[in-house]
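Please walk me through this structure, one piece at a time.

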Amino acid sequence: MKIVVDSMGGDNGVKEVVRGSIDAVNELGVDIALVGKKDILENELHKNNYHGNKIEIIHADEVIQNDESPAIAIRKKKNSSMVVGLNSLKEGTGDAFISAGNTGALLAGGIFIVKRIKDIERAAIVSIYPTKNGVSILLDAGANVDSKPEYLEQFAIMGSVYCEKVLRIASPKVGLVNVGAEKEKGNILVKEAYNLLENANINFYGNIEARDIPEGIVDVIVCDGFVGNVILKLTEGLGQSIFSTLKEQFAENFSSKLGALLLKSQLKEFKQRFDYREYGGAPLLGLKKPVIKAHGSSDALAFKNAIRQAKIMVEEDVINKIELDINNIEI
């Protein structure tokens, strides 16, 4: 199995990508194809004393920046690390592709180059959401700010497959984000989506309110990209505020510092549960091959776990299973 990795897209340069790739080779036994400027990558591999044969370099001397127009960048920068990597995936050089670069460009490139699965109307970004009961997945996390009921039905099916195959959750419960639990609540989009999900071949829990999400009462959280992105940004901001407040409180006096010391291991474990690096990245579901968006500030640990995530997707044949389930929808 070979995982293709965009080495030039992240905020931390090639150093963290290379370290994470070496760790993945050593721990997971996968082959890696690093896409980027050959001389820089060779130098970084040499710095890390890597002389094995499980990491190859695919040269690409352009980089798509975060402030570039996604569609224009994909069309014009044919020799960018992202475009070269996506083409390598399409042509069969690798089994999955990972990038920490421009999210819009990765989504556009995935659709234009890798292409969508037959009958999938929109690709969706999946985000891992830590909850009281472990983790749930949320989709769409921002790819489609305007959606149709049929899109949400497909998101639910794709999310169910991913949750079952990658997170190992049997018969995952699917919840539709709404302003109330009752079937009659909500706007036209969610009312019509409810009827579709109710009859889909999934374990549909029903409507869930925003306050239910952190409780982990469902495994798959379904919503349009606008709502999903707002949920994620609010949660991120709230988490940062809570951790910042706790830090201030624990540093206030000797007693609070002593309390922090006594709770050090528990606080470390708590923080780890909310650390995005532990979960790898956000898959773009609906494409013909596995494509994963790593966080822009990913370090070596995050890249290694993104590679682990890609490996599981390939091993569990997630894409083919999604295609089979989508084709079972009664149209």
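Where is the place of glycine 186? Glycine 186 sits in the loop between β8 (173–177) and α7 (188–198). Keep in mind that this is a predicted model. The relative accessibility of glycine 186 is 30%, so it counts as partly exposed; the buried class ends under 20% and the exposed class begins over 50%. Leaving aside neighbours within four places in sequence, glycine 186 is in contact with Asn178, Val179 and Lys191. Asparagine 207 is 21 residues away from glycine 186 in sequence. In space, the C-alpha atoms of the two are 9.5 Å apart.

Now turn to helix α1. It covers residues 13–28, which makes 16 residues. At 1.5 Å a residue, helix α1 should span 22 Å. Its end C-alpha atoms are 23 Å apart, which agrees with that figure. Just after α1 comes glycine 29, with a positive phi of about 75°.

Which residues of α1 are buried? They are Val14, Glu16, Val17, Val18, Gly20, Ser21, Ile22, Ala24, Val25 and Leu28.

Serine 21 lies in α1. Its relative accessibility is 0%, so serine 21 counts as buried. Not counting residues up to four places away in sequence, serine 21 touches Ile32, Leu34, Ile55 and Ile307.

Helix α11 also holds valine 314. Is valine 314 buried or partly exposed? Its relative accessibility is 24%, so valine 314 counts as partly exposed. Leaving aside neighbours within four places in sequence, valine 314 is in contact with Met1, Asp95, Ala96 and Pro290. Isoleucine 57 is 257 residues from valine 314 along the chain. The C-alpha atoms of this pair are separated by 21 Å.

Next come pairs of helices. Two packed helices are described by the angle between their axes and the distance between the axes. Start with helix α4 (residues 81–91) and helix α5 (residues 103–114). They pack at an angle of about 35°, and their axes are 10 Å apart. The crossing of α4 and α5 is right-handed. On the α4 side, the contact is made by Met82, Val83, Leu86, Asn87, Leu89 and Lys90. On the α5 side, it is made by Ala105, Leu106, Gly109, Gly110, Ile113 and Val114. The residues of this contact divide into eight nonpolar, three polar and one charged.

A second pair is helix α6 (residues 149–165) and helix α12 (residues 318–327). At what angle do their axes cross? The axes of α6 and α12 cross at roughly 140° and come within 10 Å. That angle makes α6 oblique to α12, because only angles over 145 degrees count as roughly antiparallel. The crossing of α6 and α12 is right-handed. From α6, the contact uses Gln154, Ile157, Met158, Val161 and Lys165. From α12, it uses Val318, Lys321, Ile322, Asp325 and Ile326. The residues of this contact divide into six nonpolar, one polar and three charged.

The last stop is the backbone. Most residues other than glycine have a negative phi, and most peptide bonds are trans. Some places here read otherwise. Asparagine 49 is not a glycine, yet its phi is positive, near 55°. Asparagine 49 is found in the loop between α2 and β3. At 60% relative accessibility, asparagine 49 counts as exposed.

Lysine 115 is not a glycine either, and its phi is positive at about 80°. The place of lysine 115 is in the loop between α5 and β5 (124–125). Its relative accessibility is 38%, so lysine 115 counts as partly exposed.

Which peptide bond is cis? The bond from leucine 139 to aspartate 140 is cis, with omega near 15°. Aspartate 140 is found in the loop between β7 (134–139) and α6.

Technical notes: Residues numbered from 1 in each chain as written. Predicted model: local features only at pLDDT ≥ 70, side-chain atom pairs only at ≥ 80, totals over all residues. Heavy atoms only, no water. Helix = DSSP H or I, 4+ residues; strand = E, 2+ residues; numbered from the N terminus. Expected span 1.5 Å × (residues − 1). Buried < 20%, exposed > 50% of the residue type's maximum accessible area, 1.4 Å probe, protein only. Contact = heavy atoms within 4.5 Å. Axes fitted to C-alpha atoms, helices over the stretch in contact; angles between N-to-C directions. Parallel < 35°, antiparallel > 145°, perpendicular 65-115°, else oblique. Left-handed = near helix turned anticlockwise from the far one by under 90°. Nonpolar A, V, L, I, M, F, W, Y, C, P; charged D, E, K, R; others polar.
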